[in-house]
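I opened the notebook to look up a few things in this structure. My notes are kept in the order in which I looked.

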Amino acid sequence: MYTLLIVQLAVSGALMGMVYALIAYGFQLTFATSKSINFGQGELVMLSAFFSLTLIDRGLPYWLVVPGGMLFGAVLGLFVERAAVRLSLEQKGEGWILLTIILGLLGFSAAENIWGRDDRPFPTPISSDPLHFFGIDVTPLELSVAIGVLAVMGLVELFKRKTLLGKAFEAVSADRDAAQLMGISATRTIQLSYGLSGLVAALAGILVAPITTVGPTMASVLILKAFSVAVVAGLDSGFGIVLVGLFLGALESLTSFYLGSGWREAPGLILLILALAVRPNGVFGKASIRKV
Amino acid sequence: MKKTILAALTMGLFTFQAYAADTVKIALTGPFTGGSAPMGVSMRDGAKLAIDEINRAGGIQVGANKMKIEVVERDDEGKNERGALVAQELSSMGDLSGVIGTVNTGVVLAGDKYFQEKGITKIITPAAGSASMTQWSKAGVKDLSIFRFSADDGIQSAMVVEDAINRKLTKVAILHDSTNYGVSGRDDLLDQIKKQGNKLQVVATEKFNIGDKDMTAQLLKAKFGGAQAILIWGIGPEMAAVSNGMAKLRMKQPLIGGWTLSMSNYIDNAGKNGNGTLMPQTFIEDPITPKVKSFIDSYHKTYGVSRIPSPMSAAQGYDAVYVFAAAVKQAQSTDTHKIKDALEDLRDPVKGVIATWKQPYGKWDPANEQTHEAFRRAQVVMGMVQDGRVVFANKADRQRLIKEAGK
């Protein structure tokens, strides 16, 4: 009975951890190519969820809403790249930090004004009636999150390894200048990575919305956790992000059971501090080599 | 040219004053936008229904003439700092007869001192936090112009505990959010368990943060502690997450908590998992008497809705206006200080949709804040969520209210 309890806690937590991982993956995609991340990623998640909700309200079936929402996310990602990142990267500056934060704030106010400040339910055809596996309860909804996360990450990784465009992506990630000398457009590749990052954020929003409900602040907690996951795992490894996500989610759940629910946020923060102090490139990160 | 403008202005000033002298100016305040808007808007709209009815009948009889009610509306957005500004502005108006409203206890604490300073009569509704009134008894204020028209958290927590005991339960878990509201709700519950004879054993006391969605850990603690019911104090979205988590873990125990469980953002987000949830209510959207029916119908018709966003807030706003109007009539004056005195000793019963109010308030006694609280246990019933609506949890309450209204 007692082991079952621990397993139930770990599984429930780990499934939430998958969402952290997916959002963190969005950070990782853009960081790989451009060494920049979108600090407004949480707002991207939220805006895409709201957009998808609007599609549902218009009567579109779920299987059309998912690609529609993802497309919207990708477009937003491209917009962020053009508006906040490109010029500052060209000038080798750090302006993208402030600009992506500002775009995020803008997105937040826009959402408040367009959709209101209330949390709204996100209808989904996937059932939330519990299934019983080996003595633990899991809802199909939670499973859909896990499957969606693994599927999209698998596809993106496959794309990076198997297609020409994907290889260009990897080349720019490895060495932007060298890739450019080989005739690969770094700008296009970075653009692509922001588009993909937006797409991933949108999927995260759509998957998690039935659980978290949709509101302007829906991603504000998630994004902090995702950031911890990204930093702890290192911004180089997609695989590491999934592992750390699962681990953090399970750890949170267990902590809040054993130490009390007030300590729930603590493990993530402690992990973050430890990672920054001991392995600043992340547990799965590569040490940066700087040639002088 | 300048002179004509000046003349026009002075004329305007005079006509305005002449007009103002025939009206009773009441301010309605509350969050009309933002997260607690369903309560604020319902309260305002309910109050305006009552005001329209009074005005259509000619107004309030003061001396030889009838005076109409003039409304000033202010949105405090549920924000403390905004609430303080609104209170400052209203209290400096000079010709204001009174204020009705405020949803958030924090806004009450931030703003009411300005009304009290000027002695402006205010009826708080529907904010329920105990601190709104206890702040004055703690300060030992001798003369208070603030009244409340809402079932305070003390009554509510007593009812929640009572309900659990009536169900012959012995073990409960308390879940609450980490805000002031949640923590003081937890303390009220623990206090009531002690007061009602320690018949309930608290097997787990767990908290959650605003924005938390995964309640597995807290619920498992309750489940493995053997809790037969979950007592909860929080607001809509997180309590919906608790209900959804309970469904996932196949926990069939009843969820009992504060009146916030009737908020539309709880009911909508919990969906079918919210069915059976219990909470104290001052008003249920159920046309039990002709008076209640006409109130509900005219709310639906006037505002084009099929469900009042917060029926309690609407009914309290409506009744509060009638209580206030009765005080104006008794005082035979629009002077806010005289209205206060009349409220403290209201001679004629006021027929409202919640109850018939007989002497709702007494002379303020700092040792007993109940003197300025209108609601007693008898005016509050248990409500239950059923298919997206709040209904009477006990048939007996419904019958009792019908009978009392018939008297």
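**Entry 1: the model.** I noted at the start that this is a predicted model.

**Entry 2: two helices of chain A.** Two packed helices are described by the angle between their axes and the distance between the axes. I looked up both values for helix H5 (residues 140-162) of chain A and helix H8 (residues 186-212) of chain A. The angle is about 170°, and the axes are 9 Å apart. An angle over 145 degrees counts as roughly antiparallel, and H5(A) and H8(A) are therefore roughly antiparallel to each other.

I then listed the residues that make the contact. H5(A) contributes Leu141(A), Ser144(A), Val145(A), Gly148(A), Val152(A) and Val156(A). From H8(A) come Leu196(A), Val200(A), Leu203(A), Leu207(A), Val208(A), Pro210(A) and Ile211(A). Sorted by class, this contact has 11 nonpolar residues, 2 polar ones and no charged ones.

**Entry 3: Phe72(A).** I picked one residue, Phe72(A), which is found in helix H3 (residues 62-90) of chain A. Is Phe72(A) buried or exposed? I found 22 other C-beta atoms within 10 Å of Phe72(A). The cut-off for a buried residue is 20 or more, so Phe72(A) is buried.

Which residues does Phe72(A) touch, leaving out those up to four places away in sequence? They are Ser48(A), Phe51(A) and Ala202(A). I also checked Ser52(A), which is 20 residues from Phe72(A) in sequence. In space, the two are 8.7 Å apart, C-alpha to C-alpha.

**Entry 4: chain A against chain B.** I counted 25 residues of chain A in contact with 24 residues of chain B. On the chain A side, the elements that give two or more residues are helix H1 (2-34), H8, helix H9 (220-233) and helix H10 (238-258). H1(A) gives the most, with 6 residues. By class, the side of chain A that touches chain B has 8 nonpolar, 13 polar and 4 charged residues.

**Entry 5: domains of chain B.** I read the domain assignment of chain B, which gives domain 1 (2-151 + 289-375) and domain 2 (154-281 + 382-406). The C-alpha centres of these domains of chain B lie 31 Å apart.

Notes: Residues numbered from 1 in each chain as written. Chains lettered and ligands numbered in written order. Predicted model: local features only at pLDDT ≥ 70, side-chain atom pairs only at ≥ 80, totals over all residues. Axes fitted to C-alpha atoms, helices over the stretch in contact; angles between N-to-C directions. Helix = DSSP H or I, 4+ residues; strand = E, 2+ residues; numbered from the N terminus. Parallel < 35°, antiparallel > 145°, perpendicular 65-115°, else oblique. Contact = placed C-beta atoms within 7 Å. Nonpolar A, V, L, I, M, F, W, Y, C, P; charged D, E, K, R; others polar. Buried ≥ 20, exposed ≤ 12 C-beta atoms within 10 Å, placed from the backbone. Domains from an automatic or database assignment.
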